[in-house]
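Visitor: I would like to go through some of the labels used for this structure. Please set each one against its cut-off.

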Amino acid sequence: MSETILDVQHLTHQFRLTKHTTIRAVDDVSFQLQRGEIFGLVGESGSGKSTVARCIMNLYRPAGGRIFYRGVNVCDPKQYRMHKNMLQTTRQMIFQDSTSSLNQRMTVADIIMEPMAINHIAPPGGSLRAEAERQLHDVGMDASYLNKYPPELSGGMRQRVAIARALSMEPDFIVADEPIASLDVSIQAQIINLFKHLQAEHGFTFLFIAHDLAVVKYLCDRVGVMCHGKLVEIAPAAELFAHPAHPYTKLLLSAVPIPDPRLERARVLQTFDPSDLQDTGEMREICRDHFARMPVEGVPH
Amino acid sequence: MAELLEVKNLSVSFETAQGEIQAVRDVSFSLKSGEVLAIIGESGCGKSVLCKSIMKLLCNKARIKSGSITVDGVDITRYRERDMQKLRGRLFSMVFQDPMTALNPTMTVGSQIAEAVRVHHPGMSRDAVYQRVIALMELVGIERPDERYGLYPYHFSGGMRQRSVMAIALASAPKILFADEPTTSLDVTIQAQILDLLRDIQRKLGTATILVSHDLGVVARIADRIAVMYAGKIVEIGTAEEIYYDPRHPYTWGLMMALPAYAKAGEPLYTIPGMPPNLLDPPKGDAFACRNAYALAIDYEEMPPMFKVSDTHYAATWLLDERAPKVTPPLRGGRNV
Ligand SMILES: Nc1ncnc2c1ncn2[C@@H]1O[C@H](COP(=O)(O)OP(=O)(O)OP(=O)(O)O)[C@@H](O)[C@H]1O
Ligand SMILES: Nc1ncnc2c1ncn2[C@@H]1O[C@H](COP(=O)(O)OP(=O)(O)OP(=O)(O)O)[C@@H](O)[C@H]1O
Ligand SMILES: [Mg+2]
Ligand SMILES: [Mg+2]
């Protein structure tokens with residue numbers, strides 16, 4: 001029934017900061033994505049979420065571990081070359097910071113059409129331009145923006161152009177790194193509904209990285225929590241939000257802001273002892289499909 | 001208390017090949033020392049343009065068509081770049097929504113903060129500047145600042161870049177801090193810490209903040225007052241309590257209803273139907289009318305004035321006219337549930 005589309009095994013990646021210091025940005029991270037699921041990756045700023053995403057999309061070559069996409073080991077240069085076309089057309093990435101990923105000298109229409117043109121894809125709706133217009137419409141912008149350049153758009157509009165560009169390829173698998181943080185709540189809702197629709201109708205698989213946990217709770221089927229380069233907990237979304245097990249997950253959930261001024265101002269920030277977050281344990285299943293990195297003794301539930 | 005900032009009937013347009021884009025239309029508000037005003041509203045409704053026009057950082061295609069901007073008793077509306085250069089650093093500082101373009105990619109983070117410190121403390125010794133930079137980096141939560149002093153922005157994750165931007169902004173002890181989506185790229189624990197940090201600095205130094213944010217949780221935590229913008233206009237303004245517990249404009253209702261925090265599992269999220277109007281040729285009546293289930297005939301004809309709800313709360317909707325039919329807001333019990 002379920003088919004593993006992405007299999008990340010013991011992924012490790014480090015960056016050299018200075019001659020003497022390296023940062024272990026990603027440290028022995030393993031998880032699998034099933035076809036058609038939306039998997040949320042949340043956690044500390046700087047915990048390595050974007051680095052995981054970039055390794056998966058071949059933007060970084062991991063220092064260790066293996067990544068299989070549809071059975072192809074994407075880190076293996078030979079296999080990558082053999083399946084390059086499939087890898088480029090069926091996977092798309094939406095970046096955290098789309099402003100720098102859009103070509104400032106191309107019009108919105110050209111930006112959206114470019115991947116289809118490069119890959120010689122004949123759009124179902126006739127001309128490339130008509131297809132670009134349809135994609136733009138899906139993200140809540142009308143045809144009058146087709147001839148504009150990125151600097152003439154607001155931040156949220158640029159982000160939506162980046163989303164439209166990625167979706168125009170009708171990919172099977174989308175890595176979306178903070179795709180909607182810069183959008184207003186109504187457009188956010190529209191894009192979330194669009195993602196849900198693409199999942200339900202076309203079986204798209206998403207790796208969705210976000211800081212907005214209310215969105216993650218609503219959108220994602222399963223969630224992984226990262227802290228200090230490690231995956232510390234992984235569980236179905238409802239289970240994770242109801243029964244967080246790892247101390248860092250508990251801290252994170254306690255910090256979710258409430259859109260209510262009296263409640264939110266009264267909320268006291270929890271402080272934590274970083275030594276609680278020391279990696280003392282192993283990833284273990286604490287109940288069905290719910291894994292947490294726990295010390296050997298203190299298994300909860 | 002005297003107003004620190006007073007914006008009156010400000011209109012700003014861009015000249016483009018297609019015509020005039022009316023990005024800010026007849027906006028008025030004021031701000032006191034130590035106050036946090038949040039501006040919320042649809043993507044593209046003019047929030048960033050409004051902030052940039054107050055700081056006079058607009059590109060040369062933009063033109064202030066009418067209105068006035070008074071800061072600390074000085075009318076700066078017609079000031080040129082030469083006049084602003086002396087003033088800007090003392091009055092304004094900013095944290096923008098996109099940390100990567102705010103930072104210079106070819107300079108180390110430490111030296112960028114140092115530069116900001118030096119601008120405001122000319123003659124400070126090298127050593128003192130260095131110490132101040134390290135203190136600022138610690139203040140905004142950058143761990144191991146001495147090791148990271150010499151790193152370039154691309155070495156930093158999104159969250160850490162934004163903290164660096166915060167450190168630069170705080171170096172000048174500004175009167176007004178413009179924060180455009182300052183915490184969007186931070187995890188919620190750090191987000192709350194930075195907001196509380198902003199609050200603390202605010203209380204100590206009396207800095208006023210104009211916060212642009214889409215995150216109504218963030219706004220709830222630190223805003224004293226909230227302005228809701230739609231299609232270049234402020235359509236509702238009030239204290240945080242008034243906007244969250246007693247919103248009056250149908251657009252504000254729509255925003256609150258779209259929050260995923262209150263969505264039912266399995267049901268699609270509420271979205272405001274339709275698209276925002278084209279600012280090339282805004283409609284003559286209420287720009288929100290065609291998307292508004294509560295629109296009255298007059299909404300298509302005449303722009304609603306700001307109706308007074310309380311001394312601090314105003315909303316531009318004909319629903320507040322005494323002749324309008326009484327409607328019940330679609331939000332349960334005045335709370336945005
Ligand atoms: N190109 C790079 N060179 C050096 N260090 C890097 C680079 N990119 C990331 N890092 C470091 O690796 C760690 C992980 O960064 P990453 O961007 O993956 O985190 P993240 O979880 O995406 O954070 P955020 O939520 O802030 O986006 C951080 O400590 C960061 O400073
Ligand atoms: N340089 C420019 N030339 C032409 N039009 C512009 C320019 N800058 C902004 N605009 C237009 O002005 C309007 C307001 O833009 P602004 O950046 O203020 O939106 P915003 O409210 O900040 O949106 P977001 O939440 O997406 O950042 C938009 O319609 C945009 O297309
Ligand atoms: Mg990231
Ligand atoms: Mg903006």
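Guide: To begin with chain B, H4(B) passes H5(B) in a right-handed crossing. Please keep in mind that this is a predicted model.

Visitor: What makes H4(B) roughly perpendicular to H5(B)?

Guide: Helix H4 (residues 109-120) of chain B and helix H5 (residues 126-139) of chain B pack at an angle of about 115°, and their axes are 9 Å apart. Angles of 65 to 115 degrees count as roughly perpendicular, so H4(B) is placed in that class relative to H5(B).

Visitor: Why is H5(A) called roughly parallel to H7(A)?

Guide: Helix H5 (residues 108-118) of chain A packs against H7(A) at an angle of about 25°, with 8 Å between the axes. The cut-off for roughly parallel is under 35 degrees, and therefore H5(A) is roughly parallel to H7(A). The crossing of H5(A) and H7(A) is right-handed.

Visitor: What makes the site of ligand 2 shared between chains?

Guide: Chains A and B both contribute residues that surround ligand 2, so the site is shared. There are 24 residues around the ligand, and those that come nearest are Ser154(A), Gly156(A), Ser43(B), Gly44(B) and Ser48(B). By class, the shell has 10 nonpolar, 10 polar and 4 charged residues.

Visitor: How do you know that Ser43(B) makes a polar contact with ligand 2?

Guide: One polar side-chain atom of Ser43(B) is 2.8 Å from an oxygen atom of the ligand. A polar contact is a pair of N or O atoms within 3.5 Å, so this pair qualifies. Gly44(B) has a polar backbone atom 2.7 Å from an oxygen atom of ligand 2. For Val49(B), a backbone N or O atom lies 2.8 Å from a ligand 2 oxygen atom. Ligand 2 taken alone exposes 640 Å², of which the protein buries 93%.

Technical notes. Residues are numbered from 1 along each chain as its sequence is written. Chains are lettered from A and ligands numbered from 1 in the order in which they are written. This is a predicted model: local features need pLDDT of at least 70, side-chain atom pairs count only at pLDDT 80 or more; totals for chains, interfaces and linings use all residues. Side-chain values use heavy atoms; hydrogens and water are left out. A residue is near a molecule or strand if one of its heavy atoms lies within 4 Å of it. A polar contact is a pair of N or O atoms within 3.5 Å; within protein, one must be able to donate a hydrogen and the other to accept it, and residues adjacent in sequence count only if both atoms are side-chain atoms. Accessible areas come from the Shrake-Rupley method with a 1.4 Å probe; for residues, only the protein chains shown count as cover. Ala, Val, Leu, Ile, Met, Phe, Trp, Tyr, Cys and Pro count as nonpolar, Asp, Glu, Lys and Arg as charged, and the others, Gly among them, as polar. Axes are lines fitted to C-alpha atoms, for helices over the stretch in contact, and angles run from 0 to 180 degrees between N-to-C directions. Helices (H or I, at least four residues) and strands (E, at least two) are DSSP runs, numbered from the N terminus. Angles under 35 degrees count as roughly parallel, over 145 as roughly antiparallel, 65 to 115 as roughly perpendicular and the rest as oblique. A crossing is left-handed if the near helix is turned anticlockwise from the far one by less than a right angle, and right-handed if clockwise.
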